[in-house]
Amino acid sequence: MSRVYEHFLRQVSSDKVMCLNCGAINPLGVENCENCDNDLQQPKSLWINLLETVVRPMRAMPRIAATMPIMQAFLAVIVAASVFIFFQVYTYYESLKDALGRIDELWRNVDTRNTLLDPNFHPVPGIVEIAINYFVFFLSWLFFSIAIFYTIRLLYRREARISYKSLAAVAGFGRIVTIFSFIFLLPLGDFGYALRILLLVWQIVVDTIGVRYSTGLSYNKAIIAVIIPALIFQFIGMPI
């Protein structure tokens, strides 16, 4: 068991840096690629990576693609999932408050009354539901990364360098766009729907930048590699 754990730590640790010019894997701490002498990206802390992913993705995503900080990406997904689930719970509470304010009206509706009388009806998520939401959020991150990985292998296998670790790190930090879900708590009206689309587009743009530097593909090909899995995940109702 200890050997399995040590192997896992080696796999997820940021002790290697990928050259964004030739794709060679270099030891951490080397400033120039041992294969092509190109300048290498250097790892940064979680908070710098998170902040720059939001405000300067053109700087952050190449570094994340090269340094492949999987554990940082895992923590980024925790932050994104926490904000996402908080928004869900808050929305449920607001819906419940609205329902209580209209209880007489709702009670006169037979279907609503039967729902309220159902002993299995839980209007607000409990611990189990929240845990399941966390699990689904992490599972969707892993599968979204796999979907991008295999889309690239299917379409651009001969022209792309493909590292699942790099793609997973990129997709993990791309999730941080979810922190702006708090905006939906504001009374935005019809503008709220347009803002949801805008945030989704922003996340796709961030992921595309990361995939472009991770694989060496052009932006046109990178966005295809991202948009196909994104559309599939949106269709089945899973977060990207």
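Contact here means heavy atoms within 4.5 Å. By that criterion Gln203, leaving aside its neighbours within four places in sequence, is in contact with Gly174, Arg175, Val177 and Ile240. The model is a predicted one, in which local features need pLDDT of at least 70 and side-chain atom pairs count only at pLDDT 80 or more, while totals for chains, interfaces and linings use all residues. Residues are numbered from 1 along each chain as its sequence is written, and side-chain values use heavy atoms, with hydrogens and water left out.

**Nonpolar cores**

- A nonpolar core is a set of buried Ala, Val, Leu, Ile, Met, Phe, Trp, Tyr and Cys residues joined through side-chain atoms within 4.5 Å; buried means under 20% relative accessible area, exposed over 50% and partly exposed in between, with a 1.4 Å probe and protein chains only.
- The largest nonpolar core comprises 43 residues, and those with the most contacts inside it are Ile64, Trp141, Phe144, Ile152, Phe173 and Val211.
- Two or more residues of this core come from each of helix H2 (46–55), helix H3 (57–67), helix H4 (70–101), helix H7 (127–156), helix H8 (164–174), helix H9 (191–215) and helix H10 (219–236).
- Helices (H or I, at least four residues) and strands (E, at least two) are DSSP runs, numbered from the N terminus.
- H7 gives the most to this core, with eight residues.
- Ile152 is in contact with Arg157, Ala160, Ile162, Leu167, Val211, Thr215, Leu217 and Ala225, once its neighbours within four places in sequence are left aside.
- A second, separate core has six residues, among them Val17, Cys33, Leu40 and Ala66.
- In soluble globular proteins, nonpolar side chains tend to be buried together.

- Ile176 lies in the loop between H8 and H9 and is buried, with a relative accessible area of 2%.
- Not counting residues up to four places away in sequence, Ile176 touches Leu50, Thr53, Val54, Ala76, Val79 and Ala80.
- The C-alpha atoms of Ile176 and Ile78 are separated by 9.3 Å, and these two residues are 98 residues apart along the chain.
- Gln203 lies in helix H9 and is also buried, at a relative accessible area of 7%.

**Salt bridges**

- A salt bridge is a side-chain nitrogen of Lys or Arg within 4 Å of a carboxyl oxygen of Asp or Glu, and the count by this rule comes to three.
- Glu52, Arg56 and Arg63 are linked in a network of salt bridges.
- In the pair of Arg56 and Glu52, the closest N and O atoms are 2.8 Å apart; Arg56 is partly exposed at 38% relative accessibility, whereas Glu52 is buried at 10%.
- In the pair of Arg63 and Glu52, the closest N and O atoms are 2.6 Å apart.
- This second pair links distant parts of the chain, with Arg63 in helix H3 and Glu52 in helix H2, 11 residues apart; Arg63 is buried, with a relative accessible area of 5%.
- Lys221 forms a salt bridge with Glu159, and the closest N and O atoms are 2.6 Å apart.
- Lys221 lies in helix H10 and Glu159 in the loop between H7 and H8, so this pair ties together parts that are 62 residues apart in sequence.
- Both members of this pair are partly exposed, Lys221 with a relative accessible area of 28% and Glu159 with 45%.
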